[in-house]
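Here are some friendly notes to read with the model open beside you. Take the points one at a time and find each place on screen as you go.

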Amino acid sequence: MQETDINLLVGGPQGGGIDSAANMISMAFSLAGYNIYGIREFHSNIKGRHSYIHFRIMHERPKSLKYPVDIMVALDPDTLFEHMFDVAKGSKVVYDSAFNTFNLKNARMITSDTMIRIQDELAERNLTFDVKGVLDYFKSAGIDVIAIPFDKLINENVHDGPANRYYNTLGAGTTLALLGLDEDHADDGIKFAFKKKPKVIESNIKVIKAAYDYVKSSPIKVATLPTYPAMPRMLLTGNDATALGKLMGGLRFQTYYPITPASDESTLLESHEEMEFLKNADDVVKKAGLVVVQCEDELSAINMANGAALTGTRSATATSGPGFSLMAEGIGYAGMTEIPVVITFYQRGGPSTGLPTRNGQADLLFALNTGHGEFPKMVISSGDMEECIYDGMKSLNYAQRYQMPVIHLIDKTLANTMDLVPEIDVKKVKIVKYNENTNHENFKRYSLDTENGISPYGVFGKDIFWMTGDEHDELGHVTEDSAMRDKMMEKRMQKLVTADSEIPLEDKAVLYGDENADVTYVTWGSQKSLLIDTIDELKKQGISANLLYLRMFEPFPSEYVAKVLKNSHLIIDVESNMTGQAAKVIRMNTGINIENFILKYNGRHMTLDEVLKSTKNIMEKKTALEVLQEGS
Amino acid sequence: MIKMQKGVEGKDKYNFRNNITIDWCPGCGDFGIVSAVTQALSNMNMDPDDVVAVSGIGCSGKTPHYLNIAGVHTLHGRAIPYAVGVKLSNPNLNVLVMGGDGDLLSIGAGHFVGEGRRNSGVKVILYNNSVYGLTKGQAAPTLPLGEKVKSLARPNIMGKINPITLAMASGYSFVARGFSSEIKQLSSIIERAIKHEGSAVIEVLQPCPTYNDVNTLDWYRQRVYKLEDDKSWDPVVNKKEEDEEKFDTGYRKSMEWGDHIPIGIFYENNTIPSYPNRLAGIVPDYLKYPPALQDVSDKEGYTIVDPIKTFAEKDVE
């Protein structure tokens, strides 16, 4: 039997409940023993503009998404226009029959440039500028269109509130019914999505029943999907996973200023200032809650986190590009005065305000070069949920151990990916504490009596010492002495050498796939799991490929990267930016010049189909640079 | 919470001044501020481990280096966020902020206002000499419109900020003004501010003998008068219903400038809960184990946070 592999897209107006629809579908499938992987795409807007969730559902844990989707649910007419080409022969499109008479010119929320693009596509195919035109196209392309009378079905079955309150549930229910998931699991999905609200559950279950009855009484043939025992898992986004990792890693003070796509992490932490502790945290362990401070701006956020670290607290902040730009000076201060602080940096489409709610990986070089002058900082990157969790813990450890700012890069795609994480290992990462000071009498905070550059850490409330962003002596007082300057510069930078020698290779770079392969991908961030899937897919087609996946950029594993790339044949750099920044870092550190690129900078996530297609174009030497364009 | 200072009874008191050479210009008002701070700390028998000094950039920024307590000389304008980070992660500490008028009211103005809303309990000492001394005498935000101090190319083209009215409008619960040559009064204001639970702003009028040839020592001496000399002056709010009138009186008084300049406490409101007390209502055991005093790992060094129970709403079972 063919293994279940469903690609699904649910689109609708922002604020119109598509998150809830996505939640119901995810929960229903999760409880039926499936795994789901989804990415949310949305506008910088509160209500009305088009947003969608792109999913994949499999029994095995999916690692990537692909187009065309098997089923598309349109909760607004915009979805039909915007995603015309995300479906293909054999796909099903579910929509509200009320859209049948909808004219494109009434789609107020489609921006004018997108409108022109859609009109051009319709005109090219001699189609009318309305839903009918799109439907004609679907029918001619062999796509099943399934019109559901939304209002009628809802009004006949529920009498609690306006019909449009249930559009999302009806859309989700119809989808589940069409996919052949049994109705009990659909009901379970509703119960889970609306936990603690029995009245809401009751009316939404009626809607689910209406959807299932409608599909059953229609001529559409549906095969029942198998179900499996459901293992306990956590449904997490990258924001959630990182927040969780930081809490586990001992975070007790977090600052932030609201910004997309970073503040979801901080607001989640804000709602968990009260933590639950493990049984092994007995009564002797001093435990309380986390403090989260919403600051007046990002200048305050970084410097307040720095201040908290001076009391021995493990502290961090989270931001995105514009906020990170403001933080540069504070990060330099932390480097100069050796403050352990973590900056979780959620990259979005830049430059400037750029694409506030879309993906980007264009801040790697900026993170590496943050702040004026030369000071040590670590730059690490995560690519999936597990890495968000454990790197969240490690980022705090690194900061404590090496007394420097640690920049943890995550991209918007990963921040907004939904994934079911099967198991969180609370013993995977040990908590590393700072190098404690034992001499409280004549304390030298910046003692030069150290081989590895790490001096004893000072804590306000326990030690008397001084700190300054000026060059300083061992006590922390200002100096401009030329010899002391050299010694302090060398002591600080030595810590990066120490970090490089202490941190295991697997935390810096990993080679996935066969050692000898025809194609070697290089990537970082959210493309990790996508490219692991790509390698599997190519293998089925008889092409051997591997992936050099980068996790740490400062210190950079130059030797290992050089060794892998020297043995590679066709190297392709895959990044969500325009200039191939990781390839530049590789060239800077190893001298190796990568010449083939698959890049995407339209702000949308990469998909399996487009990477496969581009790989073939590069292999056939049609091109050396492929710019990916999928995604609405 | 103020503990007794270390040391054996009968011996000399702890010296809050260290042996670092002060490099301010002779006649600088900053000397008076250092004296007032050390006198206040000595007078309170402050445990030197329980107090920290946080400064920004400029001449005022050097202050922590001259004090025998933990000190951090931070970035231009950012002393308040650092101080708040220290205070909220360990509310047992007394946190003093030393900043100039340019530091706190120009580049750091957002934090100055933000802290009024927070009321986290830091004590802000605002060194006001109306110029940027360390960069050779440019106009600071407290220099009046049209005034020409000696290194300005032309009379000041911008208006001035009144630090007292701004502090009151921002929500500070303790607002006062001192003068760098009235050390005894300044020291008692600092002491009272430290004992006050919420955040405080103490503006200190001071001469810059090198760059401000208008607001000189004599200029101030001829004009300042003490608010407390008027026996009916009572700026303290202990009941919410007193607030409107006392705020109004303090605010009007803060407008007085020119031939007569009031120094003393303009407003003290003890009815506004401090940020640590607000946090204590949200974060369990916050005052008992604030972030700085918590353990984050068990005996074997592993996490003590239960990820699944903490994020129970994400658990699919």
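Predicted model: local features only at pLDDT ≥ 70, side-chain atom pairs only at ≥ 80, totals over all residues.

1. Helices (H or I, at least four residues) and strands (E, at least two) are DSSP runs, numbered from the N terminus. Two strands pair if DSSP finds at least two bridges between them. Strands of a sheet pair through backbone hydrogen bonds, either parallel or antiparallel.

2. Next, step back to the whole interface. Here 68 residues of chain A are in contact with 60 residues of chain B; contact means that the C-beta atoms of two residues, placed from the backbone, lie within 7 Å. Several elements of chain A supply at least two residues each to this side, among them helix H1 (18–31), strand S7 (233–236) and helix H12 (321–337). The largest share, eight residues, comes from H11(A). By type, chain A's side divides into 33 nonpolar, 19 polar and 16 charged residues. In this count Ala, Val, Leu, Ile, Met, Phe, Trp, Tyr, Cys and Pro are nonpolar, Asp, Glu, Lys and Arg are charged, and the others, Gly among them, are polar.

3. There is a second sheet to find in chain A. It is open, with seven strands in the order S9-S8-S10-S11-S13-S12-S19 and mixed pairing. S9 and S19 of chain A are at the edges, each with a single partner strand, so one side of each is left without a neighbour in the sheet. The twist averages 20° from one strand to the next. At the S19(A) end, strand S12 (residues 378–381) of chain A pairs with S19(A) in the antiparallel sense over two bridges, and Val379(A) stands opposite Glu554(A).

4. Which helix packs on this sheet, touching S8, S9, S10 and S11 of chain A? Helix H10 (residues 263–270) of chain A does, and its direction makes about 135° with that of S8(A). H12(A) lies across S10, S11 and S13 of chain A, running at about 145° to S10(A). For such values, axes are lines fitted to C-alpha atoms, for helices over the stretch in contact, and angles run from 0 to 180 degrees between N-to-C directions.

5. H5(A) (residues 150–157) and H8(A) (residues 198–217) pack at an angle of about 125°, with their axes 9 Å apart. That makes H5(A) oblique to H8(A); angles under 35 degrees count as roughly parallel, over 145 as roughly antiparallel, 65 to 115 as roughly perpendicular and the rest as oblique. The contact is made by Leu153(A), Ile154(A) and Asn157(A) of H5(A) with Lys206(A), Val207(A), Ala210(A) and Tyr214(A) of H8(A). Those residues divide into five nonpolar, one polar and one charged.

6. Finally, check two peptide bonds. Tyr67(A) and Pro68(A) are joined by a cis peptide bond, with omega about -10°, and Pro68(A) lies in the loop between S3(A) and S4(A). Another cis peptide bond joins Glu554(A) and Pro555(A), with omega about -5°. Pro555(A) lies in the loop between strand S19 (552–554) and helix H18 (558–566) of chain A.

Terms used
Residues numbered from 1 in each chain as written. Chains lettered and ligands numbered in written order.
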